[in-house]
Amino acid sequence: MPDHADLLVVGAGPYAYSAAAFARQNGVDVRIVGRPMGFWREQMPKGMFLRSGTDWHLDAGGEHTFAAYLEDRGVKPSDVDPVPIAVFLDYTDWFRRCMSLEVQERMVTGLRGSDGAFVATMDDGSTVVSEKVLAAPGIRHFVNLPTWYDEVPAERRAHTSELVSFDALAGARVVVIGGRQSAYEWAALLCDHGAARVDVVHRHGTPAFAKVSWAFVDAHIEQTLAHRGWWRSLSSDARRAIAATFWQVGRLTLEHWLAPRMRPDVVTSHPGCTVTGVAVSEHDLTLTLSDGEVRTADFVVFASGYKADLSRVPYLAPLLGDLSVTDGFPDLSEGFETSVTGLYITGFASTRDFGPFFGFTKGCPASARIAVAEMLR
C-alpha cells in the first residue's frame with residue numbers, strides 16, 4: 001500500500017528542512033525523503049568553512065536559529081568565525097531534532113501526476129501519494145563544465161563537488177579552473193594537503209580577499225516577504241544593480257581568511273585567461289592558456305560552478321512535458337509554484353524568479369514562509 005501525505009518534500013538539505021518544518025508547524029502532514037544533508041556531507045570537504053555568518057539559519061519561525069543553537073551549545077559566535085562546515089551540519093541535526101523532522105532515507109526515482117495528486121516512486125519500489133510536492137533539487141544536478149572537460153582523462157579531473165579528499169594530491173601539480181570562492185578555497189585546501197603547485201585559471205581579474213558584509217541581502221529578503229513577486233516586479237535596471245552588488249560582494253571579493261592559507265610559492269593566479277588547448281601524455285597533462293603560457297599538471301580541478309537545468313533532475317522527467325521552463329529554470333508563481341499545479345520548487349532553481357540570494361541558505365526561512373503560505377491559500 002502506498003504511503004499518503006498532504007505534502008511530500010523531495011530533498012533533505014537546508015531548503016527542504018526549512019519548508020518541511022514550517023509546513024508541520026502549520027498543521028500540514030509532511031513526508032520528507034532524501035539523504036539528510038547528503039550533498040553537504042558527501043560532496044563538501046570536511047575542512048571547508050562557510051561564507052555565511054551565524055545570523056543565517058533555517059527556522060521560518062525565527063526560534064530555532066543558528067544563534068539559538070550556539071547558545072544551547074555554550075559557544076560564542078566569535079568562536080565559529082568563519083563557520084566550519086562541521087558546526088553547521090551539527091546545527092542542522094539540532095534543528096531536525098528540535099523540529100521533530102523525520103527524514104525517510106529513500107530516494108525518489110520518478111514523480112508523476114495521478115487523479116489530481118502526485119505519485120512518487122522510490123528507489124526501494126515503494127510509493128508515496130501526496131496532494132502537493134515541494135522539490136528542493138540540490139546543485140549536484142546542475143554542475144557546469146567547460147566544453148573541453150572531456151579532453152581530460154576521467155582519472156585526472158574532478159569538479160569541486162567531487163573532490164572532497166586531498167591527500168592523494170600531496171606533491172601534485174594541480175590546475176584549478178575558476179576564480180570564485182570555491183576555486184580559491186580548493187587552492188587553499190590543496191596547499192593544506194601538500195600540493196607541489198597550484199595554478200588558478202579564470203577569465204575575470206584576480207579577486208580581492210577582504211572581509212565583507214552580507215547585510216545588504218537582508219533588505220531584499222524583507223522586501224520579498226513583504227511584497228509578493230517583489231524581485232520580478234523590479235525593472236531590469238534595478239535587478240541588474242542588485243545582481244552587480246551581489247557579484248561584487250560574493251564573487252569578486254573572496255573571504256579574507258583564505259589568503260594566509262595560500263602559499264605564494266605554491267599558488268599562482270592566471271587572471272584574464274582561458275584554456276585554449278589540452279594535450280595528454282602518459283604521465284601528465286599540458287594546458288595551453290589564452291595568454292600563450294603553458295602549464296603542465298597532474299590533475300585538473302573544475303571550480304566552474306553550477307547552471308540550472310531542470311531536465312537534469314531525474315525524478316522530474318515524467319513531468320517535464322508539463323513544466324514551463326525558461327533557460328533551465330522553472331517558471332514559478334509568486335508562491336514558488338510551478339506550471340504543474342501543486343508542485344513547488346525552492347532553492348537554487350528558484351533564483352531566476354526570486355533573486356540570487358535564494359540560492360544561499362539565507363533564503364531558506366523566507367522561501368519556506370512564502371511557499372507554505374501559498375499552499376494554504
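**Exercise 1.** Find the hairpin of β7 and β8 and say which turn residue has a positive phi.

*Solution.* Four residues sit between β7 and β8 in this hairpin, and glycine 125 in the turn has a positive phi of about 90°. Strands here are DSSP runs of E with at least two residues, helices are H or I runs of at least four, and both are numbered from the N terminus. The model is predicted, so to speak of local features we need pLDDT of at least 70, side-chain atom pairs count only at pLDDT 80 or more, and totals for chains, interfaces and linings use all residues. Residues are numbered from 1 along each chain as its sequence is written, and side-chain values use heavy atoms, with hydrogens and water left out.

Next, the pairing: β7 and β8 (residues 127-135) run antiparallel, joined by four bridges (strands pair if DSSP finds at least two bridges between them). Phenylalanine 118 has serine 130 as its bridge partner in β8.

**Exercise 2.** What stands opposite glycine 113 in β7?

*Solution.* Start with β6 (residues 108-114), which pairs with β7 in the antiparallel sense over six bridges. Glycine 113 faces phenylalanine 118 there. In the hairpin of β6 and β7, with two residues between the strands, aspartate 115 takes a positive phi near 55°.

**Exercise 3.** How many residues of strand β7 are buried?

*Solution.* Apply the cut-off: buried means under 20% relative accessible area, exposed over 50%, partly exposed in between (1.4 Å probe, protein chains only). Five of the six residues of β7 (residues 117-122) are buried, so this strand is largely enclosed by the rest of the structure.
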